[in-house]
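Reader: Can you walk me through this one? I'd like to start with the charged side chains.

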There are 2 protein chains.
Amino acid sequence: MKRLLVLGADGYLGFPVSLHFASKGWSVYAVDNLSKRHIESKQDVSPLIPLPLYKDRFSEWNDLYAKNKTQKIKSFVLDIAVNNRQLYNLLEEIKPDAIIHFAEQPSAPYSMKGRYEAVNTQINNITGTLNLIFAIKRFNPSCHIVKLGTMGEYGTPNIDIEEGWLNISHNSRNDRVLFPKKPGSFYHLSKVHDSNNLEYSCRTWGLRVTDLNQGIVYGSHTELSKNKNLHTSFHYDSIFGTAINRFIAQGLINHPLTIYGSGNQTRAYLHIDDVIQCIELAIENPAEEGEFKVRNQFTEFKSINELALLVSQSINSEDIKTEIRKIDNPRVEESDHYYNPKNKSFLDLGLNVKKISEEVIIDIVRYITPYIKNVRKKNLLPNIKWNNK
Amino acid sequence: MKRLLVLGADGYLGFPVSLHFASKGWSVYAVDNLSKRHIESKQDVSPLIPLPLYKDRFSEWNDLYAKNKTQKIKSFVLDIAVNNRQLYNLLEEIKPDAIIHFAEQPSAPYSMKGRYEAVNTQINNITGTLNLIFAIKRFNPSCHIVKLGTMGEYGTPNIDIEEGWLNISHNSRNDRVLFPKKPGSFYHLSKVHDSNNLEYSCRTWGLRVTDLNQGIVYGSHTELSKNKNLHTSFHYDSIFGTAINRFIAQGLINHPLTIYGSGNQTRAYLHIDDVIQCIELAIENPAEEGEFKVRNQFTEFKSINELALLVSQSINSEDIKTEIRKIDNPRVEESDHYYNPKNKSFLDLGLNVKKISEEVIIDIVRYITPYIKNVRKKNLLPNIKWNNK
């Protein structure tokens, strides 16, 4: 039975990914420091659908589906950025075949709130990843690490975005280099720093890492998280909520769908179902010893204006009237730009793409409607400005 | 009277740079957390020439040269990575015209000793720089920051090394991007992370930063630090000592000049006098608002074999016999590689280059000879391996 360690297993993606691999017969070890719950409390936001306590989420799964002890998901509260010794012990004990590392502060707006949040985002993310690198090097150097990065690391360069590496020619000489990054927040920068540290550990110590530059994820549920005690955290707020999920929540309570700035900003997206598919493909097709493999994990790219329109039309089709409103952009980002990222790597592995459509949006609408009374209107509009004085 | 804040003013370069600007009429504020003295103690190494206490170094200068109160160098013990509030207060109070930021853990071998040292190097360096960014943004956004980086950030790519930025063409489109980095230790990585954070703060908040990618510095003294109570820290040990300084110390005690590996590794170098010249040129020619200006700060590049031979011949000319010995390379680095870094930026500003020569080496030999009995042989050979298990 293959062993999988999921770091950040209480998260929007970490939880359904843990369930998925358990359902596929992996022995899953789930780790989280619960810091996202802490940040949620401090920022006065919460997921739309209330979550059970961390351990209860896995107990529910185990009660429903685990046929024997080894099939049970084992869950641990552990801060990998602080308790490196506990992380060492865990790795030495379970010797996982693969590790999926989601255990990072995931909000760009949070990282831009001020000095404390910027520093904490970077220190938490960098230290956790460094501790993992040293733990793997010492106890399990052949273990494949799948690390979650973001398409936001690249920013919006004026050239095609390749997958992590770029072949360049300069003054008649050639080299293969890390793709130059232009991240858009201290959060995005933390992922760039992680990527650089990980690439170094592959090059120097022969570690095996797949860095997934993930697009913006949307969706309320996966097949396995549909059960009411197994759902994942759906955020509609301006801190953890991503564009599509936030638009749907806004539309359902007759709040305008708020577009930041021109709405011409184009970004890469994927449905939460495809996250699971991609991670499974990444695990099945691991990096070689010493290889820092980068895959761009998204299925399509669209402008914010296109997305708002599509969400609006879909909700209208359910006989709910919606309005789209442009507001001042709280972020500092280019409003009109070239954008052509590549995702050949997963397509070549056979990724079965689920593109955004009225049907996909209605599926989310119906799933979250029973909980829509939980929306707090004050959390819908951005309260963190990139350029605050 | 222009005000200069020097962060890391107790260091090999920070101290003589502080004296230099004070001698040129700047009002100098010196800051250090004394962490290098702490690391020295813990690693069982010390500078060849014993240093007075931090505050006494500046008192000596003030007693000798300051004609009035404003000419005195004001020194503070402050950890910018920890006491951000004190840093804020200092910046609000003095509103410097320029800041020179040396305040980082400077040893690559130290950063490779183990997890603790790698994490602490990155956290110290990144947090200090982030705290500085937020302090400047809030209290003094037009202040020019001169940040010390290293040529080691680039590594040894197979293309010419430009100064921080690279114009590239890809699939018939063009962009100007940060030069892709390939750093060789967790210390070098920390400088890459800093550069990325600083570039972002220029792009997003309009800060003015000059990032100096400095070569390996050698030399025992500057004109102003010749006085016996004003010397700077000359390190010959394997942790803080750089190649040329270490070779000279080895030669003078009849220890073999130890070359790591093939000796074909080529690196960029400059004399400590030229560091002062470069920093003065960088301050006189500041980055514009919003500009992240990068200058490669070195005067020549040579292989380790060439340097060892030159040091050996110079010492022989003083009637001291020397031997060159190759030892296993404790580092993980390419032994044969292309290397063609550019330093046009400082040459265009009129940098008057002092190249390494027998005369320059003999000048160092004579300066350190009275202290050569202080060499501890056990500190001459590397005890930290990049690839330790």
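Reader: A:K342 first. What is its relative accessible area?
Author: This is a predicted model. In it, A:K342 is partly exposed, at 24% relative accessible area.

Reader: Which residue does A:K342 form a salt bridge with?
Author: A:D160. The closest N and O atoms are 3.7 Å apart.

Reader: A:D160, buried or exposed?
Author: Buried, with a relative accessible area of 7%.

Reader: Take A:D194 and A:K147. What is the N to O distance?
Author: 3.2 Å, in a salt bridge between their side chains. A:D194 belongs to helix α7 (residues 186-205) and A:K147 to strand β5 (residues 144-150), so the contact links parts 47 residues apart in sequence.

Reader: Are those two buried or exposed?
Author: A:D194 is buried at 0% relative accessible area. A:K147 is buried too, at 1%.

Reader: What does A:E153 form a salt bridge with?
Author: A:K181, with the closest N and O atoms 2.8 Å apart. A:E153 lies in the loop between β5 and β6 (165-170), and A:K181 in the loop between β7 (173-178) and α7, so parts 28 residues apart in sequence are tied together.

Reader: Charge separation next. How far apart are the mean positions of the positive and negative charges of chain A?
Author: 4 Å, for 48 positive and 43 negative charges.

Reader: Switching to the fold. How many helices and strands?
Author: Chain A has 12 helices and 14 strands. Its radius of gyration is 20 Å, close to the 21 Å from the globule rule for 389 residues, so chain A is as compact as a globular protein of that length.

Reader: What box do the C-alpha atoms fill?
Author: Roughly 65 × 55 × 45 Å along the principal axes.

Reader: What share of residues is buried?
Author: 63% of the 389 in chain A.

Key. Residues numbered from 1 in each chain as written. Chains lettered and ligands numbered in written order. Predicted model: local features only at pLDDT ≥ 70, side-chain atom pairs only at ≥ 80, totals over all residues. Heavy atoms only, no water. Helix = DSSP H or I, 4+ residues; strand = E, 2+ residues; numbered from the N terminus. Rg over C-alpha atoms; globule rule 2.2 N^0.38 Å. Buried < 20%, exposed > 50% of the residue type's maximum accessible area, 1.4 Å probe, protein only. Lys, Arg positive; Asp, Glu negative; His and termini not counted. Charge placed at Lys NZ, Arg CZ, Asp CG, Glu CD. Salt bridge = Lys/Arg side-chain N within 4 Å of Asp/Glu carboxyl O.
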